[in-house]
Amino acid sequence: MTSPLPVTTVPRGGVPPLTASLAEYRQVTDRLATASGSIACDVERAQGFVYTARAYLIQLARVGAGIVLVDPIGEGADQGMDALAAAINDNEFILHAADQDLANLREVGIEPGSLFDTEVAALLVGRPHVGLAALTEELLGVRLAKEHQTSNWSQRPLPEDWRAYAALDVDYLFELKSALAVLLEKAGRTEWAAQEFDH
């Protein structure tokens, strides 16, 4: 059955540009460093198109900083990623299916201090569907566009609709974490979740 909800194709703050130059890295690093709270994060790869599982796009969001799309292969990446990682490491990161992204983040020096994994949380409370799009629709009433899920993220430039898709992957992670935290508390599984996230 088709969902009655309209498809959300653009993130709430508009479509972010791709951060690639050293000056752009410095700008987004300052924004993220001066904001507060958890950091929503996702990674895009290009499996099936290139012979590597490396990250070709890293999406980050923080309250007060908005969403940034970071190019880990851009011209400013060598210096820019080091400064960015130093500014955001040791914070709580919110990810969906973190086990898929942590190795990619470590490759570029990003080390979360702690995690909240929305997929693991959904499994622990017995949700029938644990995909990001399904959870966002069922718990938040927001239907995300998902047509670029298997796109070739190694290509440059990235089209605007691809950047919109990527930004949407982190746009609602804060609210999704809050909704799942309530369900974990009701189920008496908050501590279970904390142990899984630590693991």
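Colleague: Where does Pro157 lie?

Modeller: Pro157 lies in the loop between strand E8 (143-144) and helix H6 (160-171). Helices (H or I, at least four residues) and strands (E, at least two) are DSSP runs, numbered from the N terminus. Please note that this is a predicted model, in which local features need pLDDT of at least 70 and side-chain atom pairs count only at pLDDT 80 or more, while totals for chains, interfaces and linings use all residues. Residues are numbered from 1 along each chain as its sequence is written, and side-chain values use heavy atoms, with hydrogens and water left out.

Colleague: What kind of peptide bond joins Arg156 and Pro157?

Modeller: The bond between Arg156 and Pro157 is cis, with omega at about 0 degrees.

Colleague: Moving on to helix H1, what span should its residues have?

Modeller: H1 covers residues 22-34, and at 1.5 Å a residue its 13 residues should span 18 Å. The expected span is 1.5 Å times one less than the number of residues. The end C-alpha atoms of H1 are 18 Å apart, which agrees.

Colleague: Which residues of H1 are buried?

Modeller: Tyr25, Val28, Thr29 and Leu32 are buried in H1. Buried means under 20% relative accessible area, exposed over 50%, and partly exposed in between, for a 1.4 Å probe and protein chains only. Seen down the axis of H1, the buried residues fall within an arc of 110 degrees, so they line one face of the helix. The arc is that of the directions from the helix axis to the C-beta atoms.

Colleague: And which exposed residues sit on the face turned away?

Modeller: That face of H1 carries the exposed residues Ala23, Arg26, Gln27, Asp30 and Thr34.

Colleague: What do the buried residues of H1 pack against?

Modeller: They pack against strand E2 (18-19), strand E4 (57-62), strand E5 (66-70) and H2. Packing here rests on contact, meaning heavy atoms within 4.5 Å.

Colleague: Which residues of H2 are buried, then?

Modeller: In H2, Ala77, Gly80, Met81, Leu84, Ala85 and Ile88 are buried. They fall within an arc of 130 degrees seen down the axis of H2, so they line one face of this helix. On the other side of H2, Asp78, Gln79, Asp82 and Ala86 are exposed. The buried residues of H2 pack against H1, strand E3 (39-44), E4, E5 and E6.

Colleague: Is Leu60 buried or exposed?

Modeller: Leu60 counts as buried, at 0% relative accessibility, and it lies in strand E4. Leu60 and Val170 are 110 residues apart in sequence and 6.9 Å apart in space, C-alpha to C-alpha.

Colleague: What is the phi of Asp90?

Modeller: Asp90 has a positive phi of about 75 degrees although it is not a glycine. Asp90 is in the loop between H2 and E6 and counts as exposed, at 67% relative accessibility.

Colleague: What about the phi of Ala97?

Modeller: Ala97 also is not a glycine, and its phi is positive, at about 60 degrees. Ala97 is in the loop between E6 and H3, and at 4% relative accessibility it counts as buried.

Colleague: One last topic: what volume does the second largest pocket have?

Modeller: The second largest pocket has a volume of about 300 Å³. Of the 16 residues that line this pocket, the closest to its centre are Leu102, Leu115, Phe197, Asp198 and His199. On a 1 Å grid over the protein atoms alone, a pocket is an open set of points where a 1.4 Å probe fits, with protein on both sides within 12 Å along at least five of seven lines; lining residues have an atom within 4 Å of a point. Grid points are joined across faces, edges and corners, and the volume is the space filled by probe spheres set on the points.

Colleague: Which elements give two or more residues to the lining of that second largest pocket?

Modeller: They are helix H3 (102-107), strand E7 (114-117), helix H4 (118-124) and helix H8 (190-198).
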